Amino acid sequence: MKRKIRPAEEEMGNIAFLVLFVILWYSTLIGSLASNGVRTPVLLFLVAGLFPVYSAVTVVRKALFYRRQRAEAVAYGHSQLGRIRSVTRQDVPYRSGEHNTLRYHRYYYLQVDITDPVTGAVSTITSQGYRKPIHRYLASDQVRVYTDRSGWKHYLEDFQYKERKSDSGIFDDRPMEFDETAAGSGRVMQILFVIVFILIVLTSFFQN
């Protein structure tokens, strides 16, 4: 079960599906322009296609910005071994949709103990928020903590992941209700993208 789980701010989400959607969208529109010439509805669809393009660029730029910060902290080289002591969950409200519906993003935060090698004093830092229940994938509570030049931001690296999902982990006693109940939402979005792809292709096929 080899993987790299990134904090929410460093994720690109379903960017690959969004890019594929844009490619298919514009390919279909260009085919329509070539067959039927320039028409107002097609021009409107061309402009509408810019919204997912803008969304994709924004997501990528944000993720790369935070990934660069992590890379700089790792390159700085100030690191210590840490021990994951617990995990906390936070549901952050946000509003979306036509009716401004209240929804929640669920984030998981790891509490990590760091022991000063000189004084022996133990301090606890909180990780960045993860969308995935990262604690379910860890085989060990050992992790390396990198601190940036400011001394305030901490980044966790060198997680020891389970080889198989069925392997024992460090938080197996945590009830499953603690984890994201809508864990399949990303897969639902992928299925919706596939359906849209098929509909666009079929529409283009029958029009030609």
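Modeller: Quick definition first: a residue is buried if its relative accessible area is under 20%, exposed if over 50%, and partly exposed in between (1.4 Å probe, protein chains only). This is a predicted model, where local features need pLDDT of at least 70, side-chain atom pairs need 80 or more, and totals for chains, interfaces and linings use all residues. Residues are numbered from 1 along each chain as its sequence is written, and side-chain values use heavy atoms, leaving out hydrogens and water.

Biologist: What percentage of the protein's residues count as buried?

Modeller: The protein has 208 residues. The buried share of them is 30%.

Biologist: In what order do the elements run from the N terminus?

Modeller: Helices (H or I, at least four residues) and strands (E, at least two) are DSSP runs, numbered from the N terminus. Here you'll find 4 helices and 5 strands. Reading along from the N terminus, you get α-α-α-β-β-β-β-β-α.

Biologist: How many residues are in the second, separate core?

Modeller: Among its members are Phe21, Val22, Trp25 and Leu29. The size of this second core is 5 residues.

Biologist: Leaving aside neighbours within four places in sequence, which residues is Val112 in contact with?

Modeller: Contact means heavy atoms within 4.5 Å. Val112 is one of the residues with the most contacts inside the largest core. Once its neighbours within four places in sequence are set aside, its partners are Gly82, Arg83, Ile84, Ser123, Thr124, Ile125, Val143, Val145 and Leu156.

Biologist: Which residue takes a positive phi in the hairpin of β4 and β5?

Modeller: Two strands pair if DSSP finds at least two bridges between them; β4 (142–147) and β5 (154–157) run antiparallel with 4 bridges. Thr147 stands opposite His154 in β5. Between the strands sit 6 residues, and the one with a phi near 85 degrees is Gly151.

Biologist: Now helix α1: is Ile23 exposed or partly exposed?

Modeller: Ile23 sits in helix α1, which covers residues 15–36. Its relative accessible area is 48%, so Ile23 counts as partly exposed.

Key. A nonpolar core is a set of buried Ala, Val, Leu, Ile, Met, Phe, Trp, Tyr and Cys residues joined through side-chain atoms within 4.5 Å.
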